[in-house]
Amino acid sequence: MKIAALNSEAFGAPVVLFCYLDRTMGPGQWGDAGMYLQTVMLLLRAEGLHSCPQVMWTMYRKTVSRIVGADDRLALFCGVSVGFEKEDVPRLRTERAEMTETVSFIGA
């Protein structure tokens, strides 16, 4: 479970961004938040930084909210660790399904 330990340490990143949504927001807004975070992560790459979205922070939502002073009306969506990639460490790459396994084009 070394990866779980690294995950809970933000993989050694010096910064973690916490994304909160108002609890009244529905699934559509949660999807919007994911697309917004993807844009933030692409902008970080353009500046030479690396990032990793981490939903695992929601398991510690009460502690995180207390530390960052988040209002009770907000729900923790995820954290995003931000930093520079360490070149000298082994890289864990998970396998990805082929697009044909996960996407269906209708009417094409």
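Where does F11 lie? F11 sits in the loop between α1 and β1. The close-ups below start with the whole chain and return to this loop at the end.

The model is predicted, with local features needing pLDDT of at least 70, side-chain atom pairs counting only at pLDDT 80 or more, and totals for chains, interfaces and linings using all residues. Residues are numbered from 1 along each chain as its sequence is written, and side-chain values use heavy atoms, with hydrogens and water left out.

**View 1. The whole chain holds four helices and three strands.** Helices (H or I, at least four residues) and strands (E, at least two) are DSSP runs, numbered from the N terminus. Read from the N terminus, the elements follow the pattern α-β-α-β-α-β-α. The C-alpha trace spans about 50 × 40 × 30 Å along its principal axes. The chain has 108 residues, and 23% of them count as buried. Buried means under 20% relative accessible area, exposed over 50%, and partly exposed in between (1.4 Å probe, protein chains only). Contact means heavy atoms within 4.5 Å. Among contacts in the chain with a separation of 6 or more, 81% come from residues 24 or more positions apart.

**View 2. An open sheet is built from three strands in the order β1-β3-β2.** The pairing is antiparallel. Two strands count as paired if DSSP finds at least two bridges between them. β1 (15–22) and β2 (50–54) are the edge strands, each with a single partner, so one side of each has no neighbour in the sheet. From one strand to the next, the twist averages 25 degrees. β2 and β3 (residues 74–83) run antiparallel and are joined by five bridges. Q54 stands opposite G79 in β3.

**View 3. Helix α2 (residues 27–46) packs on the sheet.** The helix touches β1, β2 and β3. Its direction makes about 15 degrees with that of β3. Axes are lines fitted to C-alpha atoms, for helices over the stretch in contact, and angles run from 0 to 180 degrees between N-to-C directions. α2 has 20 residues and reaches 29 Å from its first C-alpha to its last, close to the 28 Å expected at 1.5 Å a residue. That expected span is 1.5 Å times one less than the number of residues. Just after α2, G48 adopts a positive phi of about 85 degrees.

**View 4. α2 has buried residues and exposed ones on its other side.** The buried residues are A33, L37, V40, M41 and L44. Seen down the axis of α2, its buried residues fall within an arc of 100 degrees, so they line one face of the helix. The arc is that of the directions from the helix axis to the C-beta atoms. What covers these buried residues includes β1, β2 and β3. On the other side of α2, M35, L42, L43 and A46 are exposed.

**View 5. The largest nonpolar core has 12 residues.** A nonpolar core is a set of buried Ala, Val, Leu, Ile, Met, Phe, Trp, Tyr and Cys residues joined through side-chain atoms within 4.5 Å. Among the members are C19, L21, L49, F77 and V82. β1, α2 and β3 are the elements that give two or more residues to this core. α2 gives the most, with five residues. Leaving out residues up to four places away in sequence, L37 touches C19, F77, C78 and V80. Apart from this core lies another, of seven residues, among them W57, V64, A70 and L76.

**View 6. Helix α3 (residues 61–68) lies across β1 and β3.** α3 runs at about 100 degrees to β1. S65 is found in this helix. S65 is buried, with a relative accessible area of 18%. Setting aside its neighbours within four places in sequence, S65 is in contact with Y20 and A70.

View 7. A10 has a positive phi of about 55 degrees although it is not a glycine. F11 is also a residue other than glycine with a positive phi, near 55 degrees. A10 is buried, with a relative accessible area of 4%. F11 is partly exposed, with a relative accessible area of 34%.
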